[in-house]
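Welcome, and please open your viewer.

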Amino acid sequence: MVGLVKQQHFDLIVIGSGAAGTQAALIAAGLGKRVAVIEDRKLGGDSLTCSDLPRNYVLEAARVYRTSQHASDYGIHNAITSFNFPKIMNNVKNLVARAAASTRDFYRDKGITVIEGCAYFLNPTRVSVGGAHYRADKFIIATGSTWQTVMIAGLSNIHFYTPQTICQMEHLPKSVFIVGGHASAVILAQIFASFGVQVYLTCKHSRILPEYDQEFNIALEKTLSKNLGIIISTNSQALEISQNYLIKKILFSHAGVERSVEVDEIVLAEKLIPNLDLGLSNAAVKHEADGIYTNYQLQTSNKNIYAAGDVLNMSNSASSALIEAEVAVLNAFGHKRHTINYHNIPHIVSGFPTIAKVGLTEDVCQQRQIKYRRAISNFSEAPRQLITPYFGILKIIVNKDQRIIGAQVFGPDAESIIHQLSAAITAKLTVRQALSMPQDFLSWQEIINVTLNKLVK
């Protein structure tokens with residue numbers, strides 16, 4: 001426990017200090033509420049300590065390294081282009097330590113009480129932490145998730161990594177086998193490959209990112225294979241793992257045919273499962289193994305308990321978690337009911353280049369029998385291509401009223417492009433209204449207007 005907890009009763013207790021938990025605590029404290037945060041691991045949660053923050057730091061290091069390798073394309077020559085992987089990982093550890101200390105100070109400055117230990121509900125209004133009991137008028141559960149261990153013969157005898165433990169890697173392997181099907185697997189594959197590691201990426205689905213339309217998966221797979229040398233196997237299942245000295249051998253099936261490969265390391269990044277060992281039944285909170293049930297206001301079956309973040313098993317993104325946390329707090333303490341619309345929240349998979357989406361995909365429109373029109377543009381149609389030629393595609397989907405309802409993009413500045421289109425979807429803009437928004441000349445954002453013009457009736 002940090003300091004002496006003088007107040008045993010709080011207006012709000014937040015269980016978990018990750019992206020959702022921290023956001024919820026800060027908003028509630030800003031409303032003048034007495035807030036406590038319970039954390040059984042490192043303060044800041046996975047997002048800060050072993051997920052978003054450290055992964056994006058290493059991704060940026062890989063991006064800088066890749067950029068330096070292509071500096072000669074612009075007439076800039078480096079005598080030596082190299083990297084120091086142990087130093088990169090040491091920088092990550094220092095970054096995480098500083099961020100955790102800053103979070104602790106931030107909590108203290110905001111008057112938020114930090115309670116360290118595992119929370120367990122004794123009844124709907126009381127939790128136990130290390131033998132001490134704490135009461136609250138409202139609770140927000142934001143305990144996050146853990147990577148599921150895939151059932152593979154021989155795995156229990158083999159050391160392997162997950163996206164939550166990858167920061168423990170001190171030396172760069174020569175080869176790695178990633179069991180994927182999740183955005184984190186795609187990001188890690190690109191990081192490893194950028195540093196010269198031979199990467200094998202497999203997933204049980206027909207697409208490495210099932211939530212994206214087919215043409216974007218094809219573009220992504222071709223780019224990862226051509227530019228980074230990643231060997232991709234979809235419709236694949238790892239069957240058995242064995243080890244001979246330091247080499248790990250993986251037997252897997254690909255489209256019904258058994259194959260094998262030998263690598264230095266294995267990463268499991270297929271599915272996240274919510275952390276639910278909290279005595280939820282004692283709190284009358286309905287749940288299943290795949291997550292806590294809530295309504296559109298993120299209220300659980302107990303009217304005084306809300307949930308946010310990965311524990312819902314809805315999107316597994318920090319962006320969604322932040323919005324969920326805000327909705328949960330406002331509904332817990334406000335009179336006006338707030339709802340969350342996941343279709344308006346961008347989904348971004350950073351990489352070389354980035355792939356992103358917002359709103360409805362074409363697959364979903366077809367499944368729901370929604371009448372729609374679409375337009376697709378190649379980044380070669382944007383004037384910026386004259387300066388820095390990159391491959392990329394943008395798809396925009398509109399409904400029968402010409403309102404934008406979905407978009408997907410693969411290419412440079414995908415984050416900026418998708419956020420613009422997210423704003424357009426949220427504002428329910430028509431094609432002509434969206435075209436009235438000016439785009440900076442020679443920016444990649446001009447591809448938006450190139451695509452919208454194809455949809456003008």
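Start with an open sheet of three strands, ordered β11-β12-β13 and paired in the antiparallel sense. Strands here are DSSP runs (E, at least two residues), as helices are (H or I, at least four), numbered from the N terminus; two strands pair if DSSP finds at least two bridges between them. Colour β11 (236–244) and β13 (257–263): these are the edge strands, each pairing on one side only.

A word on what you are viewing: this is a predicted model, where local features need pLDDT of at least 70 and side-chain atom pairs count only at pLDDT 80 or more, while totals for chains, interfaces and linings use all residues. Residues are numbered from 1 along each chain as its sequence is written, and side-chain values use heavy atoms, leaving out hydrogens and water.

Now select β12 (residues 247–254), which pairs with β13 over seven antiparallel bridges. Zoom in on Ser 253, and you will find Glu 258 of β13 opposite. Strands of a sheet pair through backbone hydrogen bonds.

Next, go to Tyr 74, in the loop between α3 (52–69) and α4 (85–109). Is Tyr 74 buried or exposed? Tyr 74 is exposed, with a relative accessible area of 52%; exposed means over 50% and buried under 20%, with partly exposed in between (1.4 Å probe, protein chains only).

Finally, select helix α11 (residues 446–453). Six of its eight residues are buried, so the helix is largely enclosed by the rest of the structure. Among the buried ones are Ile 447, Ile 448 and Leu 452. To see their surroundings, show β21 (372–378), β22 (393–399), β23 (404–411), α9 (414–426) and α10 (431–435), against which the buried residues of α11 pack (contact means heavy atoms within 4.5 Å).
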